[in-house]
Amino acid sequence: MQIYLAGGCFWGVQAYFDLLYGVESTRVGYANAQERTLKNLSYEVVCSGLSGAVETVEIAFDEGVLPLEEVLARFFSIIDPVSVDRQGNDIGSQYRSGIYARDLHILDVISEFITRYVAPKVALRTSKQIATEVLPLRNFTPAESYHQKYLANNPNGYCHIDISKALEPIES
């Protein structure tokens, strides 16, 4: 199964999911860019805010080993779902949170998961609405090679995610 997760800077999201048993592959890139920007899409264009793209991690996983619900629970454990255009110290529309898929049925499952599990937890701590997008994947452009597996190659790089939490059981 494949899903696309945007949770701020894609380095940490990739590093976190790379540690999970059942994840077959990950690749960082830019999702849902405006069509007119696809031909020249780059990190600089994405950071300008003009592309409409979001930093995203493409995740292929074995649902028999790592169920979609656990992928979602883990994703929501490392992001702030009410934050608009920001995660940690990363600010800008390219850092908004989102979940994207090519299979539209998966989007229904995701929306139901958010309604049943995420929204009640959010309501206990704030009156803000969930800002995480749940949309069809229109396009995905892999990021430049230096972004791929960035934190594995640069262990002291900045990350707003506690990657070690991937090694712990997920709270229900």
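User: Is Tyr-30 buried or exposed?

Analyst: In this predicted model, Tyr-30 is buried, with a relative accessible area of 1%.

User: And Phe-10, buried or exposed?

Analyst: Phe-10 is buried, and its relative accessible area is 1%.

User: How many aromatic pairs are there?

Analyst: The count comes to seven aromatic pairs. In one of them, the ring centres of Phe-10 and Tyr-30 are 5.9 Å apart and the planes stand at 40°, so this pair is tilted.

User: Which parts of the chain does the pair of Phe-10 and Tyr-30 tie together?

Analyst: Phe-10 belongs to helix 1 and Tyr-30 to strand 2, so the pair ties together parts 20 residues apart in sequence.

User: What about the rings of Trp-11 and Tyr-150?

Analyst: Their centres are 3.6 Å apart and their planes are at 15°, so Trp-11 and Tyr-150 are stacked. Trp-11 sits in helix 1 and Tyr-150 in helix 5, so the pair links distant parts of the chain, 139 residues apart. Both Trp-11 and Tyr-150 are buried.

User: Which residues form the aromatic cluster?

Analyst: Phe-75, Phe-76, Phe-113 and Tyr-117 form one aromatic cluster.

User: Phe-75 and Phe-76 are in helix 3, then. Which residues of helix 3 are buried?

Analyst: The buried residues are Leu-68, Val-71, Leu-72, Ala-73, Arg-74, Phe-75, Phe-76 and Ile-78. That is eight of the eleven residues of helix 3, so this helix is largely enclosed by the rest of the structure.

User: What covers the buried residues of helix 3?

Analyst: The cover includes strand 1, helix 1, strand 3, strand 6 and helix 4. Helix 3 lies across strand 1, strand 3 and strand 6, and runs at about 10° to strand 1.

User: Turning to the sheet, in what order do the strands come?

Analyst: Six strands form an open sheet in the order 7-6-1-3-2-8, with mixed pairing. Strand 7 (133–136) and strand 8 (140–142) are the edge strands, each pairing on one side only. From one strand to the next, the twist averages 35°.

User: In what sense do strand 1 and strand 3 pair?

Analyst: They pair in the antiparallel sense over four bridges. Leu-5 has Val-57 in strand 3 as its bridge partner. Helix 1 packs on the sheet, where it touches strand 1, strand 2 and strand 3, and its direction makes about 170° with that of strand 2.

User: And strand 6 with strand 7, parallel or antiparallel?

Analyst: Strand 6 and strand 7 run parallel and are joined by four bridges. Ala-101 has Pro-136 in strand 7 as its bridge partner. Between strand 6 and strand 7 the chain passes through helix 4, and this β-α-β crossover is right-handed.

User: Now the core. Which residues have the most contacts inside the largest nonpolar core?

Analyst: They are Ile-3, Leu-5, Phe-17, Ile-59, Phe-76, Ile-99 and Ile-110, in a core of 45 residues. Elements that each supply at least two residues of this core include strand 1 (2–7), helix 1 (10–18), strand 3 (54–61), helix 3 (68–78) and helix 4 (104–125).

User: Why would such residues sit together?

Analyst: In soluble globular proteins, nonpolar side chains tend to be buried together.

User: What is Ile-59 in contact with?

Analyst: Leaving aside neighbours within four places in sequence, Ile-59 is in contact with Met-1, Gln-2, Ile-3, Leu-5, Phe-17, Val-23, Ser-25 and Thr-26.

Notes: Residues are numbered from 1 along each chain as its sequence is written. This is a predicted model: local features need pLDDT of at least 70, side-chain atom pairs count only at pLDDT 80 or more; totals for chains, interfaces and linings use all residues. Side-chain values use heavy atoms; hydrogens and water are left out. A nonpolar core is a set of buried Ala, Val, Leu, Ile, Met, Phe, Trp, Tyr and Cys residues joined through side-chain atoms within 4.5 Å. Buried means under 20% relative accessible area, exposed over 50%, partly exposed in between (1.4 Å probe, protein chains only). Contact means heavy atoms within 4.5 Å. Rings of Phe, Tyr and Trp (its six-membered ring) pair if their centres lie within 6.5 Å; planes under 30 degrees apart count as stacked, over 60 as edge-to-face and the rest as tilted. Two strands pair if DSSP finds at least two bridges between them. Axes are lines fitted to C-alpha atoms, for helices over the stretch in contact, and angles run from 0 to 180 degrees between N-to-C directions. A crossover is right-handed if, with the strands pointing away from the viewer, the path from the first strand over the helix to the second runs clockwise.
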